[in-house]
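Please work through each solution with the structure at hand.

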Amino acid sequence: MSGISERTSDRVYRELLRDIQTGALRPGSVIGEVEQAARRGVSRTPMREAIGRLVADGLIAQQSARVLVVSGFDANDVRALFETRRALEEAAARLAAERGDPQVFREIADAFDAAHPDDGAAGTDDYYALIARFDAAIDAAVQNTYLTQALRPVRTHLVRARGLARDNHDRLVSSVAEHALVARAIADGDAELAAHATHVHLHRALTSILTSIADTEESASA
């Protein structure tokens with residue numbers, strides 16, 4: 001495969017991933033290789049590769065022998081996702097507290113303290129960018145490739161879950177304080193507090209998302 005083909009495949013993968021995560025391609029949407037290739041102005045080979053990666057990620061599923069669709073994502077999926085998050089992220093927080101650079105996490109904690117996710121769309125986007133920075137710092141701190149590789153698909157699906165509660169500004173404000181506490185505990189080398197604060201954050205995040213799903217379903221049936 002040429003370098004150009006690889007770059008095209010990566011670009012198409014990112015575009016499709018974004019469309020799935022933002023809901024532009026909703027669960028159940030048919031993903032036709034020929035149609036998508038024509039729409040995005042690429043050949044079928046990079047499109048096939050991109051779709052294959054999304055199938056491996058669990059974001060596209062085989063509905064029948066010849067039909068691929070965007071995978072479903074409901075309350076049960078969210079619960080299963082958070083079960084996995086708890087196991088992995090609490091362990092990661094402990095390891096980061098034991099192995100991480102305190103100054104790195106102190107600076108991130110200060111950034112969370114100064115964040116204003118309720119300040120319009122830009123503030124929300126900046127906040128999610130800060131979370132990505134925090135995740136990257138934890139990945140570097142844990143020094144465990146197996147753990148960081150296990151977290152990658154979880155974070156990919158998490159973007160879909162976050163989208164369900166994105167407009168809950170009160171929750172976003174609370175989430176800032178929760179992330180700041182985790183980052184501060186890691187900076188202080190307090191592994192147990194870091195893990196406990198992560199557990200509390202995940203519990204509250206899950207509750208908020210499930211409430212958003214229930215409210216949406218109730219509105220749709222009204």
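**Exercise 1.** State how much space lies in the second largest pocket and which elements supply its lining.

*Solution.* Step 1: the second largest pocket holds about 200 Å³ of space. A pocket is an open set of points on a 1 Å grid over the protein atoms alone, where a 1.4 Å probe fits, with protein on both sides within 12 Å along at least five of seven lines; lining residues have an atom within 4 Å of a point. The volume is the space filled by probe spheres set on the points, which are joined across faces, edges and corners. The model is a predicted one, in which local features need pLDDT of at least 70 and side-chain atom pairs count only at pLDDT 80 or more, while totals for chains, interfaces and linings use all residues. Residues are numbered from 1 along each chain as its sequence is written, and side-chain values use heavy atoms, without hydrogens and water.

Step 1: among the lining residues are Gln21, Tyr128, Asp135, Arg152 and Arg162. H6 and H7 each supply at least two residues, and H7 gives the most, with six. Helices are DSSP runs (H or I, at least four residues), numbered from the N terminus.

Step 2: by class, this lining has six nonpolar, two polar and four charged residues. Asp, Glu, Lys and Arg count as charged; Ala, Val, Leu, Ile, Met, Phe, Trp, Tyr, Cys and Pro as nonpolar; the others, Gly among them, as polar.

**Exercise 2.** Describe the lining of the largest pocket.

*Solution.* Step 1: about 750 Å³ of space lies in this pocket. Step 2: of its 22 lining residues, Gln21, Gly23, Arg160, Gly163 and Leu164 lie nearest the centre. Helices H1 (3–22), H6 (120–142), H7 (145–163) and H9 (191–221) each give two or more residues to this lining. Step 3: the classes are nine nonpolar, six polar and seven charged residues.

**Exercise 3.** Identify which residues of the largest nonpolar core touch the most other members.

*Solution.* Step 1: a nonpolar core is a set of buried (under 20% relative accessible area, 1.4 Å probe, protein chains only) Ala, Val, Leu, Ile, Met, Phe, Trp, Tyr and Cys residues joined through side-chain atoms within 4.5 Å. Step 2: of the 46 residues in the largest core, Phe82, Phe105, Phe112, Phe134, Ile138 and Ile186 touch the most other members. The largest share of this core, 10 residues, comes from H4. Step 3: leaving aside neighbours within four places in sequence, Ile138 is in contact (heavy atoms within 4.5 Å) with Ala92, Ala96, Phe105 and Ile186.

Terms used: Buried < 20%, exposed > 50% of the residue type's maximum accessible area, 1.4 Å probe, protein only.
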